[in-house]
Structures are given as C-alpha cells and as structure tokens.
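Please look through the structure below with its sequence at hand.

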Amino acid sequence: MSLLAPVAGLGRATLGLLAALGRIAFFAGQVLSHMLRPPFYLREFLHAVMQIGWFSLPVVGMTAVFTGGALALQIYSGGARFNAELVVPNIVAIGMVRELGPVLGGLMVAARVASSIAAEIGTMKVTEQIDALVTLSTNPIKYLAVPRVAAATLTVPVLVAVGDAIGIAGGWLVGVNRLGFNSATYLQSTVNFLEGWDIVSGLIKGAVFGFIVALMGCYHGMTSGRGAQGVGQATKSAVVAASVMILATNYLLTGLFFTS
C-alpha cells in the first residue's frame, strides 16, 4: 500500500485539477452565453471599465517604463559581446509589443483587478447580497460577472497598447540618455522594424488575458467560502489562478501566432 500511496495522491490531484478546470469552463460558458443577451447593465459595465481600465493605468505605465529601460540596458550589455549594440531599438520594440507588454500588463491587472473582483463578490456572497439578487429575479452571473468580464476584455488591450508605447519610450529614454543613441535614428529603427502583426498579436493577447483575469475574479468570488477566511482564500486563489493561466495561455498563443 505504501508504494501505491504516491500514485494515488497524484491521481487524486489530477482528478481534482480536471474537475476544477471543468467547473471553470462551465462558468465561462455561462458568462459567454449571457454576454449577448439582454438585459444589459450599462451602469455596471461603465463602472467596471473605470475600475479595470482607468485606475489600472498608473501601475501598468510604471511597470512598462521601467521594463523598457531595463530591457534596453540588458540588450545593450549583451549585444556588446557580439558588436551588436545597434539592435537595441529593434529588440526593445518587438520584446515589448509581442511579450513583455501583454504579459506584464496582464499580470499587473491580475494582481490589482482579480483580487478586487474576488474580494468584492466574495463579500457579497458572505453578506447574502447574491441571494438577494436571486430573490429579486436578477441573475448574479448576468449582473456581476458579465459586465466585469466584458469590461476587462475590452479595456486590457487598450492598457497593453498604452503600456507598449510607454515601454518603448522607456527604452528610448535610456538609449538616448545613457547609451548614446541618436534620438531620430532610434525612433526610425523602431518604426521600420515593427510589423502590424507584432502589434495586433499583442492586443489579441491583451484581450484574452483581460477575459481570464475577470473570469477568475468572478469565479473565485462566487465560489468563495463563508466568512473572512473564505473571502481571503478566494482572493488569493483568483490572483494565483489568473497569473498561472496568463503565463500558460501566453505560451500557447505565442506558439500559435509565431510558429510556422
């Protein structure tokens, strides 16, 4: 029996993971099925746009500008070993728009938004406000989840686009002021090197990551346990699940978009 215990434990963990993925997929299907059917709660949607988009802009912008600057320094330092310092503008641009902009933007939004949504909806569940919505013949998924998921799916690509621009600007500032690049040459190299698909692929990733972030926040909030401990666990689970799913989905999307 002792020899089979690790195998049994692995089996239980695998079945638990598959069951959790099934519950999340079912919840996502419910959200999508309600997204295009009335009634539409425009006020909740606009409030979510402000909370997810506008108020996340400072943290995304700060993350992007320092990432772009650090990336320029690293590429210059590594390129100097091969006399390839001139590739700094090109690699900073493609690195930001393809990978770092969407991924870091998604992770920052996950840290801020997934936790907030899970805590808010989890508290509503604990205080029986969700039960009150059902009593008033209001679908909780329609009222709570759909506006937040729709808002995140639409606003995170905008945050990614802004973060890309700020990150490239951060690399430009470091390149011009620290590394001795000519400003016009740096900007021209960036413009000439980027292709439309580089930018579009990053925006698609941003939309997918926004969907994941809001979905995880809503799912864990609505399935949270009772009491303060349950809400805290739901908040933690939402951030962890969203972050892991963003990284895994980024790998899958990168393979889909850029593997010929």
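Over the ring of which residue does the charged end of Arg98 sit? The ring is that of Phe258, and the charged end of Arg98 sits over it, 3.9 Å from its centre. A charge counts as sitting over a ring if NZ of Lys or CZ of Arg is within 6 Å of the ring centre and within 35 degrees of the ring normal.

This is a predicted model, in which local features need pLDDT of at least 70 and side-chain atom pairs count only at pLDDT 80 or more, while totals for chains, interfaces and linings use all residues. Residues are numbered from 1 along each chain as its sequence is written, and side-chain values use heavy atoms, with hydrogens and water left out.

The structure holds 6 aromatic pairs. Rings of Phe, Tyr and Trp (its six-membered ring) pair if their centres lie within 6.5 Å; planes under 30 degrees apart count as stacked, over 60 as edge-to-face and the rest as tilted. Phe27 and Tyr219 form one of these pairs, with ring centres 5.7 Å apart and planes at 65°, so the pair is edge-to-face. Phe27 belongs to helix 1 and Tyr219 to helix 8, so that the pair links parts of the chain 192 residues apart. Helices (H or I, at least four residues) are DSSP runs, as are strands (E, at least two), numbered from the N terminus. Phe27 is buried at a relative accessible area of 7%, and Tyr219 is buried at 9%. Buried means under 20% relative accessible area, exposed over 50%, and partly exposed in between (1.4 Å probe, protein chains only).

Trp197 and Phe257 make another edge-to-face pair, with centres 5.2 Å apart and planes at 80°. Trp197 lies in helix 8 and Phe257 in helix 9, so this pair ties together parts 60 residues apart in sequence. Trp197 is partly exposed, at 38% relative accessibility, whereas Phe257 is buried, at 18%. Ring pairs also link Tyr76, Phe181 and Tyr186 into a cluster.

In soluble globular proteins, nonpolar side chains tend to be buried together.

The loops hold some backbone exceptions. Most residues other than glycine have a negative phi, and most peptide bonds are trans. The bond from Pro38 to Pro39 is cis, with omega near 5°, and Pro39 is in the loop between helix 1 and helix 2. Glu128, in the loop between helix 4 and helix 5, has a positive phi of about 65°. Ser137 also has a positive phi, near 60°, and is found in the loop between helix 5 and helix 6; Ser137 is exposed, with a relative accessible area of 71%.

Ser224, in the loop between helix 8 and helix 9, is buried, with a relative accessible area of 5%. Ser224 touches Gly122, Lys125, Gly230 and Ala234 (heavy atoms within 4.5 Å), not counting residues up to four places away in sequence.
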